[in-house]
Amino acid sequence: DLRTFSAVVTQNCKTVMAPKRLQAAISKVAIPHPPVEYDRSKNLMVFGLPESETEGESAGELKDKVVELLADLDEKPLLSAKRIGLKAFGKVRPIVVTLETRTMLLGLLKKAKKLRETEKFSRVYLSRDLSPEERAERSSLYRTVSE
């Protein structure tokens with residue numbers, strides 16, 4: 001019983017490469033990685049803080065602006081600050097400020113109303129860092145309430 005080489009390979013590949021066998025082999029080798037969630041619990045969003053007119057705003061300049069803003073609220077709990085989004089003419093990008101603890105975040109949000117009383121930061125708003133899903137849900141709730 002002489003078979004051709006290609007016939008033998010084809011027959012063996014069909015049994016070895018069966019979908020159920022492949023799935024079982026992959027599941028043995030694959031290490032399940034749960035999706036890594038971005039921790040927003042200690043992040044503060046700053047809206048309306050003007051960007052510098054120069055070519056690029058350095059990290060130090062941005063941090064100084066945020067420190068000055070937080071000093072008006074009698075706070076100094078800054079870890080890091082960065083602008084998010086694409087730079088566009090006439091638009092001010094928001095800033096994500098990472099704080100040490102969630103308690104500091106909640107304290108700043110309680111004091112955020114004081115910014116409206118200052119001349120320099122009267123158009124600056126503070127908010128929690130929300131996921132896109134949370135922002136969409138909040139937006140729909142606002143539309144429901146306004147109707």
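What share of the contacts in the chain with a separation of 6 or more comes from residues 24 or more positions apart? It's 58%, with contact meaning heavy atoms within 4.5 Å.

Before you click around: this is a predicted model, where local features need pLDDT of at least 70, side-chain atom pairs count only at pLDDT 80 or more, and totals for chains, interfaces and linings use all residues. Residues are numbered from 1 along each chain as its sequence is written, and side-chain values use heavy atoms, leaving out hydrogens and water.

Start with the cartoon. You'll find five helices and four strands, running α-α-β-α-β-β-α-β-α along the sequence; helices (H or I, at least four residues) and strands (E, at least two) are DSSP runs, numbered from the N terminus.

Next, select L44, V46, V66, I95, V97 and L126. These have the most contacts inside the largest nonpolar core, a group of 19 residues. Such a core is a set of buried Ala, Val, Leu, Ile, Met, Phe, Trp, Tyr and Cys residues joined through side-chain atoms within 4.5 Å, buried being under 20% relative accessible area with a 1.4 Å probe, protein chains only. Now colour β1 (43–47), α3 (59–72), β3 (95–99) and α4 (102–111), the elements that each give two or more residues to this core. The largest share, four residues, is from α3.

Zoom in on I95. Leaving aside residues up to four places away in sequence, I95 touches L44, M45, V46, L49, L62, V66, A81, K82 and R83.

Last stop, back out to the whole chain: of its 147 residues, 24% count as buried.

Terms used: Buried means under 20% relative accessible area, exposed over 50%, partly exposed in between (1.4 Å probe, protein chains only).
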